[in-house]
Amino acid sequence: MEEGSEILQLYEIQYSDLLLLSSSSSSCSHYQEKMIMENLGPTGPGLLAITNVPDASLLRRKLLPLARKLALLSPDDRKRILRDHNLGSDVPLKNPDRNVSSFAMQLKYAQGTEAIESKPSDGVGSHLNLENETMGRISDIEDDVFDNLENMFKALGLCMMEIGLCLARICDTAIGGNELEQSLLESCAAKGRLIHYHSMVDSLVLREAGPKKGSSKRNANNHARSKENLLKGANLDTNGNEVRLCEIHPNLWQQWHYDYGIFTLLTDPMFLLSSHRTTVKSEFSNSSGQECASPSGHSYLQVFHPNKNKVLMVKASPESFIVQVGESADILSKGKLRSTLHCVRRPARFENLSRETFVVFLQPAWSKTFSISDYPMEHYNPSVHHLEQAEEHYFADQDQNALTQEIQKIVPPLSARLKDGMTFAEFSRETTKQYYGGGGLQSNK
């Protein structure tokens, strides 16, 4: 599946063009606005990339390797560092069987919304009132790699939040009104996550370091079973819930799902190689890993393109930002934007390869009320629409059709999670329940 996947080369827009397009005084060609809506709209894949963002390359290069370092720290050291830098985690870090470690922070939209709503200029720090010295300090953190963790996290996160606001403004102009931008500003905050997707070697190291109970023979047997499970591709979703995998797509770091916010912004991932022959002591003391290129040249982010009835592997330019549409944007735009069904695939035959990324989730205020009047029924209840499409494609590509049906079995339809008049808080709770709750489609039943 991985080697044969069709590649989706993302449509790219330069950061400087994004700023111009989002300006009310913009005299730019409508071509780029048209291409943005085509790629984020109902006939497109639901994502695009932003390139040439000032300072982003340095921030990415310094911040992303810290995800693995944090994941492999001893629990006491990690707890202290997270506390010192105002970070938390939304996965159970005490679980040595986890395949994902995530370190999170709430990011506020302003020291004053005025900085956001003012017309952007030409540097990351100027848009969201970042401290003037932040960028200067980032290059001097080699002695203690965690010293500037919080500042880097905020600097990159606020930069990505501004990109989301610019994009919301452009989409609002095309759709009419200002629903998306206003919804983001009313939320007052976004969630940033620094994520480490564990290599199989990382996972084995964590299990070795975990508490030892029972006889040494039993521990040896458990270790052997752990390695066997890792090689089979057992994984967790990003909420830390164990996921039962279907045979047709077993080797995933993260299961198929929709994000339920407005936009999700991601850095192009970084890949790190660790030593095959390693010990707990050596990994905890030297957990940086060696940066390497993607084995296949793409991101290992996969998306399902509903109009093509195909799973596509996403490829973006190095150091770009990827923007995905979430279900809230789909709902608020009444289907003029299309949410992205996606997963993260683990590379085959690379036991010592980990994946690092930084993600910002932009969402409405928890009190935002959703209406489904004038919302396209094929988005609200896609099963019939997809089955009709599947029949059309069946004889042309039976393997792809089988995969489509398997994905639908583990992704609850929007119609089962959203009712007219629900608040965003209610919608998010119901979505989490139907994915990962006791009777959820991706719960460990």
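Select His198 to start. Leaving aside neighbours within four places in sequence, His198 is in contact (heavy atoms within 4.5 Å) with Ala71, Arg98, Asn99, Val100, Ser101, Ser203, Leu206, Trp253, Arg346 and Ser354. The model is a predicted one: local features need pLDDT of at least 70, side-chain atom pairs count only at pLDDT 80 or more, and totals for chains, interfaces and linings use all residues. Residues are numbered from 1 along each chain as its sequence is written, and side-chain values use heavy atoms, with hydrogens and water left out.

Stay on His198. Is it buried or exposed? His198 has 0% relative accessibility and so counts as buried. Buried means under 20% relative accessible area, exposed over 50%, and partly exposed in between, with a 1.4 Å probe and protein chains only. His198 lies in the loop between strand E5 (189-197) and helix H11 (200-209). Helices (H or I, at least four residues) and strands (E, at least two) are DSSP runs, numbered from the N terminus.

Next, select H11. Of its 10 residues, 8 are buried, and the helix is mostly covered. The buried ones are Met200, Val201, Asp202, Ser203, Leu204, Val205, Leu206 and Arg207. Two of these names, Ser203 and Leu206, are also contacts of His198.

Trp253 is another contact of His198.

Two strands pair if DSSP finds at least two bridges between them.

Zoom in on strand E15, residues 341-345. E15 pairs with E8 in the antiparallel sense over 4 bridges. Leu252 stands opposite Arg345 of E15. Strand E12 (residues 301-305) also pairs with E15, antiparallel and over 4 bridges. There, Phe304 faces Leu341 in E15.

**Strand E3 and Ile50**

Select strand E3, residues 47-51. It is mostly covered, with 5 of its 5 residues buried. Leu47, Ala49 and Thr51 point one way, while Leu48 and Ile50 point the other way.

Colour the partners of E3. Strand E2 (residues 12-14) pairs with E3 in the parallel sense over 3 bridges. Glu12 has Ala49 as its bridge partner in E3. Strand E14 (residues 321-325) runs antiparallel to E3, joined by 4 bridges. Ile50 stands opposite Phe321 in E14.

Centre on Ile50. What is it in contact with, leaving aside neighbours within four places in sequence? The list is Ile13, Tyr15, Leu18, Ile163, Ser320, Phe321 and Val323.

**Helices H9 and H10**

Select H9 (residues 149-175) and helix H10 (residues 179-187). They pack at an angle of about 145°, with axes 7 Å apart. Axes are lines fitted to C-alpha atoms, for helices over the stretch in contact, and angles run from 0 to 180 degrees between N-to-C directions. From H9, pick Gly164, Leu165, Ala168, Arg169, Cys171, Asp172 and Ile175; from H10, Glu179, Leu180, Glu181, Leu184 and Leu185.

**Last stops**

Go to Gly440, in the segment after helix H19 (424-436). Gly440 is buried, with a relative accessible area of 0%. Val411 is 29 residues away in sequence and 9.4 Å away in space, C-alpha to C-alpha.

Finally, zoom out. The protein chain has 19 helices and 16 strands. Of its 445 residues, 57% count as buried.
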